[in-house]
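Q: Hi! I have a structure open and would like a quick walk through it. Could you help me find my way around?

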Amino acid sequence: MKILVLAGGLSPERNVSLSSGALVCQALRDKGHQAALVDLFFGLDGHEEGADLYAAPIPEEFKRVDRQAPDLGALWARRRSGGRSAIGPGVLELCQGADIVYLALHGTCGEDGRIQATLDLLGVPYTGSGCLASAIAMDKDLTKRLVAGQVKTPRWETVTVTEERIPELVARAALPAVVKPIASGSSVGVYIVNTRAELENALAESVKLGGRTVIEEYISGRELSVAVLEGRALPSIEIIPKVGFYDYANKYQPGATQEVCPAQIPAQWEERAGQAAVAVFQALGLSVYARADFMVTGDGTLYFLEINTLPGMTPTSLVPQEAAAAGIDYPTLCETIIRASLEARKGGL
Ligand SMILES: Nc1ncnc2c1ncn2[C@@H]1O[C@H](COP(=O)(O)OP(=O)(O)O)[C@@H](O)[C@H]1O
Ligand SMILES: [Mg+2]
């Protein structure tokens, strides 16, 4: 099968995505597929004229993720072909020439439904959920509202933060709290705040990220993540960062976080977490696979935080570890995602 792996793009999670894409492309080649890795933003820019991307080596440096998210502004200056399109030269033609596009993208321009809608219109099958479900799941406020009747989520308020509104928001918020952009990922822009001064700083940062912000009740407890593959929950994984919370650095620096899979929790908690992940998956109309994040308090109360429709596939990522605990190795996971996605697209999902 001819598989185009799309990665990179204009997202703060660009480097995470390049890491996911490099590993997925390698795994598919190892399984004997024709696979090419293409950067959504740069496309053929930087490649020699007439280059065969299906034969191109996979850059080793993509596999590691830096400690910090990249500066996206600098990318525009680096693209030789210029223009205003977030889709690089030759990308759409490459997509049309493939049997399926494997979306190794994360966050904005990848996980938010827009590339899915573009590929739908082009008639090109792609992996993961469809455009509407992806767009809804990307929005933390809409997601929480849609699942509220079925799973417990931390109390929250969604606000549009401006410099002028910060004092009023700081004065009335309950602490401790978590401040997060309405539509981001990889903990980019997420702050856990204990004091009004910390809240003020976090809100000032959220203005820079566009202002639409979720201020959420802080849940003190253990962190779990549960993947859903083809409608069924995989074994849960517990996330134990060595220092601080599960922020960008702790997500992608090998050894920074201890991941225990299957999580060492009572069987009842495991069952409830699996059921909650599947309930969210269904409520949002997701397909193929996804990964739901939770906090669980000492008495076993489970709080759903968010669900990721194109979860990471990097060396430190969680879904591959959960799949391995269920006896599914990384290349088989990639092939399962492709097979299930081709079925989902046929069904119009
Ligand atoms: N309400 C909360 N209580 C405690 N920790 C939280 C809460 N919300 C988020 N976190 C922490 O922040 C991390 C990122 O938040 P999350 O909502 O999953 O956003 P992202 O899309 O950036 O992954 C979580 O993995 C968790 O460690
Ligand atoms: Mg998360």
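A: Happy to! H1 lies across S1, S2 and S3, and runs at about 165° to S1. Axes are lines fitted to C-alpha atoms, for helices over the stretch in contact, with angles from 0 to 180 degrees between N-to-C directions; contact means C-beta atoms, placed from the backbone, within 7 Å. Helices (H or I, at least four residues) and strands (E, at least two) are DSSP runs, numbered from the N terminus.

A: This is a predicted model, where local features need pLDDT of at least 70, side-chain atom pairs count only at pLDDT 80 or more, and totals for chains, interfaces and linings use all residues. Residues are numbered from 1 along each chain as its sequence is written, while chains are lettered from A and ligands numbered from 1 in the order in which they are written.

Q: In what order do the three strands of the open sheet come?

A: The order is S2-S1-S3, with parallel pairing; strands pair if DSSP finds at least two bridges between them.

Q: And which are the edge strands?

A: Strand S2 (34–39) and strand S3 (100–103), each pairing on one side only.

Q: What is the bridge partner of Val5 in S3?

A: Tyr102. S1 (residues 2–7) and S3 share four bridges in the parallel sense.

Note on methods. Two residues are in contact if their C-beta atoms, placed from the backbone, lie within 7 Å.
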